[in-house]
Amino acid sequence: MKQLAEVRTLRVNRYMIIDDEPCKIMSLSTSKPGKHGEAKARIEAIGVFDGQKRSVVHPVKHKVHVPLIDKRNAQVLALMGDNVQLMDLETYETFEMAIPDEFKGKLKAGNEISYLEALGRKKITRV
């Protein structure tokens, strides 16, 4: 899910969508309005799921999409090669996802992890 927000309301460490990818804003700088133009904002961001750096320039009154990021906790049920089976601790829904490289070897059955969900995709953030 996503919603609209004006560029002037965005802040560092919040999220926005660039090229259909949810991104975390790393830096945000605005320029003064010109003689015939309006103030512009330069946004540097990193993709949440792909880790790719992106930058965009928009007028401060421009509307952009902001993803609704859901931060949740889950319990590890089983390890299956490069995948892990998890159970959400609130909804008791079970699902599988790939184990990110930084967490390989750190997951054990019964451990609690934190993950985030945005635009129908999930990613483990903390063990």
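This briefing covers an open sheet, a hairpin and one loop glycine. The model is predicted. In the open sheet, 4 strands pair antiparallel in the order E2-E3-E4-E5. Strands E10 and E11 form a hairpin. Glycine 105 sits in the loop between strands E9 and E10.

**The open sheet**

- Strand E2 (15-18) and strand E5 (53-59) are the edge strands.
- Each edge strand has a single partner strand, so one side of each is left without a neighbour in the sheet.
- From one strand to the next, the twist averages 45°.
- Strand E3 (residues 21-30) and strand E4 (residues 40-47) run antiparallel and are joined by 7 bridges.
- Threonine 30 has alanine 41 of E4 as its bridge partner.
- Strands of a sheet pair through backbone hydrogen bonds.

- E10 and strand E11 (residues 121-126) run antiparallel, with 5 bridges between them.
- Tyrosine 115 is bridged to isoleucine 124 in E11.
- The hairpin has 2 residues between its strands.
- Leucine 119 lies in that turn and has a positive phi of about 50°.

- Glycine 105 counts as exposed because its relative accessibility is 75%, and the cut-off for exposed is over 50%.
- Glycine 51 is 54 residues from glycine 105 along the chain.

Technical notes:
Residues are numbered from 1 along each chain as its sequence is written. This is a predicted model: local features need pLDDT of at least 70, side-chain atom pairs count only at pLDDT 80 or more; totals for chains, interfaces and linings use all residues. Side-chain values use heavy atoms; hydrogens and water are left out. Buried means under 20% relative accessible area, exposed over 50%, partly exposed in between (1.4 Å probe, protein chains only). Two strands pair if DSSP finds at least two bridges between them. Axes are lines fitted to C-alpha atoms, for helices over the stretch in contact, and angles run from 0 to 180 degrees between N-to-C directions.
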